[in-house]
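Keep the picture beside you as you read.

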Amino acid sequence: MSQAYLPDSKKSSAKNASAVSPVTPKSKTLLRLLRYLKPYWWALLLTALGFAINAGTEIWTAKLLQYITDAINQNDRSKQALFPLLIILLFFVRGVGSFLGNYYSALVSRNLVYELRVEVFNKLLRLPSSFYLANPAGTISSKLIFDVEQVTAASTDSMKTLLRDGLTVVALIGFLFYSNWRLTLILFVVLPPILWLVRIASKRYLRLSKGIQETMGNVSHITNEVIGGYQVVKNYGGQSYESARFDKTSKKNLRQGMKVVVTNSINTPAVQLLMAVAMAVVVWLALRPVVIDDISAGEFISYIAAAGLLSKPVRSLTDINQKLQKGLAAGESIFALLDEPEEEDTGTISKALSGQMSLDNISLVYPDSTVALRDFTLNIKAGETVALVGRSGAGKSSLVNLLTRTLETSSGQITLDGMPIEDIKLESLRAQIAMVNQQVVLFNTTVFNNIAYGGLADKTQAEVEQAAKDAFAHDFIMKMPNGYQSEIGAEGLQLSGGQRQRLSIARALLKDAPILILDEATSALDNESEYYIQQALDNVMKDRTTLVIAHRLTTIESADRIAVMDGGQIVELGTHNELMQLQGHYAQMYARDFK
Ligand SMILES: Nc1ncnc2c1ncn2[C@@H]1O[C@H](COP(=O)(O)OP(=O)(O)O)[C@@H](O)[C@H]1O
Ligand SMILES: [Mg+2]
């Protein structure tokens, strides 16, 4: 379903590499992006107004130069007080214009970031597990963090450039033609080849700075690894290896950096020299009587000034396509995520379950064609406790994940109380199964909120405390500085493995569901805590259907039935005593446990 999903970095760089990209998808992406801008038409209008004012002041600047020059030339002192005032007014109006433009374009782009980000996040909550299995967490979160930012930066940036520099260019060219059309025509012959040269230079610059970004990425990647794994680095004497690795990458970064500096240092004077050549041609021509008959010094100065003002906006307009393409590539990656098929909920039934389950000829094949379960058949009575044992990789976790429909069966049928599992509403199904996973998941909030998580948020303090007591967690929670209101930090890193597991058990017990699934729920506990929790769990298991997966066989001796799994199948099934008499796999495992 989502195997076609490429890691995003590869995807966008592949797009960037091919300069000529197919027209339809790109324009579709653009149209889709523009749809997000629609509600902000008024802000875009104000942006345009601001930049129009800004463009107007460019002409004003050129014109003012003309008046001042002519006034000096003609020794006219009547406007002596007027010019300083005009200069201040000019910059005031210019300031108002660029404020309007910058403020309202930022308003559009920040809102776009916000909207896209929230939409992507909410989409993530509705995606099926298969999506998470197929995509590394880093790739998914980089979409949320970088791609969203990139798409808006690039799309609204290019819109802003188009408005600001486009309007400026139109205004200045209009002014140039208006003041001297013959000279302007000449200018238009001289400028294009120069702009072309400038473009070539800036392309090389861009390529180099991309390389710098990459080496910078490697620098931070190594740093993160060393910080995150500082214990392994220390314990295995990895310092000199890491130091050498870091040095190599940093040197690369240094060389790239110097190349950028060199390119840039040559680039800027070279561009200026080219511009000077163009200007020289214009000046030379302008001073010939063929081109201009009677031009005042002021007019001439203002003409040259306006032509000079043209270069910056023209340069940024030539970069606009690149910006846009970058934004569109990021946009495509985001829209691909937004178009992923969501978790399907075909169920309509939301009845209370008794806990009877039957698994009939179940197979499960992972997308990488690992067969985790084959022809698995098991009937479980309501209220029964069934233990699943077997070596790691036998398929135990895969099996229990089918019951919450985190995974879908490849073939066979699971029924609960006689109803096909697909016919039960997902929300209802998951509300009636309390599961403690192998991997404990804790959130960066209080102990209380971690136990009373999600749908359990309305449980009372007393209920939460009871669950914590049953999970043998109450005592250590009370020893924490703020008891149940203590923050446990990101991923509960301040807690020991056993403490984390006890919180996760408390969460499941608080759910008080008719079906309880414990997937190696006590594996990180010491023997003593496990013994106490086992007693509490025995109580809890009495009146509900329970599936227990355990390493230590002592903890499951009292189960109603024990299923020994191997290679995705049941190889032995019976009570502890029956299996011991059988003298097969179970008896062997049991004997090994007691050695
Ligand atoms: N996401 C996955 N993708 C591909 N194969 C998987 C995945 N998860 C588990 N497997 C494979 O499925 C088999 C059963 O794994 P699992 O159910 O975790 O076993 P157990 O819980 O008994 O240790 C193993 O061979 C394992 O490598
Ligand atoms: Mg497992």
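The paragraphs below go from domains to cores, then to a sheet and a ligand.

Before we set off, remember that this is a predicted model. The domain assignment gives the protein domain 1 (1-179 + 315-343), domain 2 (181-294) and domain 3 (357-593). Notice that domain 1 is written as two stretches of sequence, 1-179 and 315-343.

How far apart do the C-alpha centres of domain 1 and domain 2 lie? They are 22 Å apart. Where these two domains touch, four residues from domain 1 meet five residues from domain 2. On the domain 1 side, helix H6 (137-179) and helix H10 (297-318) are the elements that each give two or more residues. That side holds two nonpolar residues, one polar residue and one charged residue.

Now look inside. In soluble globular proteins, nonpolar side chains tend to be buried together. Here the largest nonpolar core has 70 residues. The members that touch the most other members are Ala387, Leu388, Ile451, Ala471, Ala506, Ile517 and Ile562. Which helix gives the most to this core? Helix H17 (residues 497-511) does, with six residues.

Next, let's turn to the strands. Four of them form an open sheet in the order E2-E1-E4-E5, with antiparallel pairing. Which strands are at the edges? They are strand E2 (371-380) and strand E5 (419-420), and each pairs on one side only. Strand E1 (residues 357-365) runs antiparallel to E2, and six bridges join the two. To see one place where residues face each other across strands, find Ile362, which stands opposite Phe376 in E2.

Our last stop is ligand 1. How many residues surround ligand 1? There are 13, and the closest are Tyr366, Ala372, Lys396, Ser397 and Ser398. Helix H12 (residues 396-403) supplies the largest share of this shell, three residues. What kinds of residue make up the shell? Seven are polar, four are nonpolar and two are charged.

Terms used
Residues numbered from 1 in each chain as written. Chains lettered and ligands numbered in written order. Predicted model: local features only at pLDDT ≥ 70, side-chain atom pairs only at ≥ 80, totals over all residues. Domains from an automatic or database assignment. Contact = placed C-beta atoms within 7 Å. Helix = DSSP H or I, 4+ residues; strand = E, 2+ residues; numbered from the N terminus. Nonpolar A, V, L, I, M, F, W, Y, C, P; charged D, E, K, R; others polar. Core = buried A, V, L, I, M, F, W, Y, C linked by C-beta atoms within 7 Å. Buried ≥ 20, exposed ≤ 12 C-beta atoms within 10 Å, placed from the backbone. Near = placed C-beta within 6 Å. Pairing = 2+ DSSP bridges.
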